[in-house]
Amino acid sequence: MTEQRHIVPNPDGGWDVVKDGAKRASAHADTQSAAQDRGREILHNAGGGELVTHGRDGQIRSKDTIAPGNDPHPPKG
């Protein structure tokens, strides 16, 4: 299964980075943008996956595929 992290509003303010099935947030940030940046970093280090951003209403706003940081076969360029 692909790793996922969700960017969700924290009821006490700010935004949380949450892994599927986790009881606690992986990270917390004051802004949604900062939480997205941290979520990308976490997924990059975890071997890639999907970052799912939710709005304040809980609805999915966007999905972003994050490449792994340790790709043994990087593209030639």
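Partly exposed means a relative accessible area between the buried limit, under 20%, and the exposed limit, over 50%. The legends below use these classes for a predicted model.

**View 1. Five strands build an open sheet.** The strand order is β3-β2-β1-β4-β5. Pairing in this sheet is mixed. Strands β3 (27-29) and β5 (60-66) stand at the edges. Each has a single partner strand, so one side of each is left without a neighbour in the sheet. On average, neighbouring strands are turned by 20° against each other, direction ignored.

**View 2. Strands β4 and β5 run antiparallel.** Strand β4 spans residues 49-54. Six bridges join β4 to β5. Thr53 has Ser62, in β5, as its bridge partner.

**View 3. Helix α1 packs on the sheet.** The helix covers residues 32-45. Helix α1 touches β1 (4-9), β2 (15-19), β3, β4 and β5. The direction of α1 makes about 165° with that of β4.

**View 4. Asp64 and Arg40 meet in a salt bridge.** This is one of five salt bridges in the structure. The N to O distance is 3.4 Å. Asp64 lies in strand β5 and Arg40 in helix α1. The pair links distant parts of the chain, 24 residues apart. Asp64 has a relative accessibility of 29%.

**View 5. Glu3 forms a salt bridge with Arg5.** The closest N and O atoms of Glu3 and Arg5 are 2.7 Å apart. Are these two residues buried or partly exposed? Glu3 is partly exposed, with a relative accessible area of 26%. Arg5 has a relative accessible area of 7%. This is under 20%, so Arg5 is buried.

**View 6. Lys19 forms a salt bridge with Glu3.** The closest N and O atoms of Lys19 and Glu3 are 4.0 Å apart. Lys19 lies in strand β2, and Glu3 in the segment before β1. The two residues are 16 apart in sequence, so the pair ties together separate parts of the chain. Lys19 is partly exposed, with a relative accessible area of 35%.

**View 7. Glu3, Arg5 and Lys19 belong to one network.** Salt bridges that share partners join these three residues. Glu3 pairs with Arg5 and with Lys19.

Conventions:
Residues numbered from 1 in each chain as written. Predicted model: local features only at pLDDT ≥ 70, side-chain atom pairs only at ≥ 80, totals over all residues. Heavy atoms only, no water. Pairing = 2+ DSSP bridges. Helix = DSSP H or I, 4+ residues; strand = E, 2+ residues; numbered from the N terminus. Axes fitted to C-alpha atoms, helices over the stretch in contact; angles between N-to-C directions. Contact = heavy atoms within 4.5 Å. Salt bridge = Lys/Arg side-chain N within 4 Å of Asp/Glu carboxyl O. Buried < 20%, exposed > 50% of the residue type's maximum accessible area, 1.4 Å probe, protein only.
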